[in-house]
Amino acid sequence: SFCAAVGGEVAAVEKNGHWGKVRATDFQLHSVSCVSSHWCLAVGGDGRTLRYDGTAWHRGPRATAATTSLVGLSCVSRTFCMATDESAETRVFRYDGHGWRRQGQLPLSFNEQNGSISCGSPTLCVAAGRGPATARWNGHRWIQHALPFGPFEAGAVSCGTHFCELLTTSHAVEWHDGWGAV
């Protein structure tokens, strides 16, 4: 009974089949992640963010180390989100409930149309961009893994608490304590 959507310079939420007031911004929004109907985070241009508090959208803390747009985002709680930027080295930023800090970089290519990050818990995130490489967060660091196929043009990933599914333009593969069969 709850959804949030962002695109261009607007953000909006839908509750019980009705879209609320659209929140206009002065920057592009690229991704949104919600952990409940009372908390969402949206990311966009120059590391800028919006937070939803259950009633309205408000400016959130800026990832000041991000010199390009944040384009990928996944949150598992109000105190744990991972976001990717579209820099040449695809930097990753972690949100801790108060602010952002850089959390490494990935050997992947991310932009608005290409790349996906998903976290199922603070110890399991997977990122996939232009293939064949993926990266997995284990709670301490990013681990790169080259898949046995590729390169692929785009990868979409979705994680639960203990596993992730990766869909590419031509393959599907599951991670569960290691990448399974294609």
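Cys75 is buried in this predicted model, because its relative accessibility of 9% falls under the 20% limit for a buried residue.

A disulfide is a covalent bond between the sulfur atoms of two cysteines. The structure contains four of them. When the bonded cysteines are counted along the chain, the pairing reads 1-2, 3-4, 5-6, 7-8. One of these links joins Cys119 and Cys125, with 2.1 Å between the sulfur atoms, and is right-handed with 105° about the S-S bond. Another joins Cys159 to Cys164 at a sulfur separation of 2.0 Å. Cys3, by contrast, has its closest cysteine sulfur in Cys34, 8.4 Å away, which is too far for a bond. Cys3 is partly exposed, with 40% relative accessibility.

Ser118 belongs to strand E11, residues 116-121, and is buried at 9% relative accessible area. Its side chain reaches the backbone nitrogen of Cys159 at 2.8 Å. Beyond its neighbours within four places in sequence, Ser118 contacts several residues, including Ser74, Cys125 and Cys159.

The largest pocket holds about 150 Å³ of space. Among the residues that line this pocket are Val13, Lys15, His18, Trp19 and Tyr52. Strand E1 (2-15) and strand E2 (18-19) are the elements that each give two or more residues to the lining. By class, the lining consists of six nonpolar, three polar and three charged residues.

Methods: Residues numbered from 1 in each chain as written. Predicted model: local features only at pLDDT ≥ 70, side-chain atom pairs only at ≥ 80, totals over all residues. Heavy atoms only, no water. 1 Å grid on protein atoms, 1.4 Å probe; cavity = no way out; pocket = protein on both sides within 12 Å on 5 of 7 lines; lining within 4 Å. Points joined across faces, edges and corners; volume = space filled by probe spheres on them. Helix = DSSP H or I, 4+ residues; strand = E, 2+ residues; numbered from the N terminus. Nonpolar A, V, L, I, M, F, W, Y, C, P; charged D, E, K, R; others polar. Buried < 20%, exposed > 50% of the residue type's maximum accessible area, 1.4 Å probe, protein only. Polar contact = N/O pair within 3.5 Å; in protein donor to acceptor, adjacent residues only side chain to side chain. Contact = heavy atoms within 4.5 Å. Disulfide = S-S within 2.5 Å.
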